[in-house]
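Dear colleague,

Please read them with the coordinates open.

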Amino acid sequence: MVKYLDIEYNFNQVAQETGTHVWLVLSKASRAVERNALSSISGLGLGLSDFAVLEVLLHKGPQPVNVIGKKVFLASGSTTAAVDRLAERGLVERTPDPGDARARIVRLTESGRTLIDQAFSKHAQDMEETMAVLKPAERVELVRLLKKVGLWAEARL
C-alpha cells in the first residue's frame with residue numbers, strides 16, 4: 001500500500017499505466033498545485049480570476065474584455081464581473097476602443113500595476129518553491145508530456 005496525496009493505492013490491484021490511474025494522479029496533483037497557487041494570492045484579497053485578469057494585463061498590456069476572457073478561460077459574464085470588481089477597487093480602468101466603438105479596452109491603473117507587480121513576484125516565488133521537487137530536466141519533460149496529453153485530449157472533443 002502506497003499513500004500519495006491522501007490516497008492509498010494498492011498497486012497490485014491498479015496498474016499504474018491505465019488511463020484511469022494516470023487521470024487520477026494528474027487530477028490530484030493538479031488540485032494540490034492549484035491550492036498552492038490560491039494560497040499564494042489569497043492574502044491580497046484577490047480571487048484566482050481577478051489575479052488572472054491582472055496578470056494578463058501586466059504581461060500583455062491593455063486588452064479588450066473579450067480577449068482577456070479567452071486568455072484566462074472565463075466566460076464573458078465572469079470576465080465582466082472580474083473587471084467590474086477590479087475597477088471598483090481602482091486597479092483597472094476601461095477606455096473606449098479606438099478601432100471598435102462597441103468595445104472597451106481594459107488597462108491597469110498605477111495602483112493596479114503596483115499590486116500585480118508585487119503579487120506576481122510573490123506568486124512566481126511560491127510556484128518555484130512548489131515545483132522545487134523537480135529538477136530542470138524533469139520540468140521540461142513534464143511540460144512536454146502535459147502538452148502532449150492536453151493537445152490529444154482537446155483534439156478528441
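**Salt bridges and a helix pair**

R139 is partly exposed, with a relative accessible area of 26%. Please keep in mind that this is a predicted model. The side chain of R139 meets that of E128 in a salt bridge, with 3.0 Å from N to O, and since R139 belongs to helix α6 (residues 136-156) and E128 to helix α5, the pair ties together parts that lie 11 residues apart in sequence. E128, at 43% relative accessibility, likewise counts as partly exposed.

The count of salt bridges comes to six, and another of them joins the side chains of R85 and D50 at 2.7 Å, N to O. This pair links distant parts of the chain, with R85 in helix α4 (residues 76-88) and D50 in helix α2 (residues 48-60), 35 residues apart. R85 is partly exposed, at a relative accessible area of 37%, whereas D50 is buried, at 6%.

Helix α5 (residues 110-130) also packs with helix α1 (residues 19-42): their axes come within 9 Å and cross at roughly 150 degrees, which makes α1 roughly antiparallel to α5, angles over 145 degrees being counted that way. The crossing of α1 past α5 is right-handed. On the α1 side the contact is made by V33, N36, A37, S40 and I41, and on the α5 side by K122, H123, D126, M127 and T130; by class, these comprise four nonpolar, four polar and two charged residues.

Key
Residues are numbered from 1 along each chain as its sequence is written. This is a predicted model: local features need pLDDT of at least 70, side-chain atom pairs count only at pLDDT 80 or more; totals for chains, interfaces and linings use all residues. Side-chain values use heavy atoms; hydrogens and water are left out. Axes are lines fitted to C-alpha atoms, for helices over the stretch in contact, and angles run from 0 to 180 degrees between N-to-C directions. Helices (H or I, at least four residues) and strands (E, at least two) are DSSP runs, numbered from the N terminus. Angles under 35 degrees count as roughly parallel, over 145 as roughly antiparallel, 65 to 115 as roughly perpendicular and the rest as oblique. A crossing is left-handed if the near helix is turned anticlockwise from the far one by less than a right angle, and right-handed if clockwise. Contact means heavy atoms within 4.5 Å. Ala, Val, Leu, Ile, Met, Phe, Trp, Tyr, Cys and Pro count as nonpolar, Asp, Glu, Lys and Arg as charged, and the others, Gly among them, as polar. A salt bridge is a side-chain nitrogen of Lys or Arg within 4 Å of a carboxyl oxygen of Asp or Glu. Buried means under 20% relative accessible area, exposed over 50%, partly exposed in between (1.4 Å probe, protein chains only).
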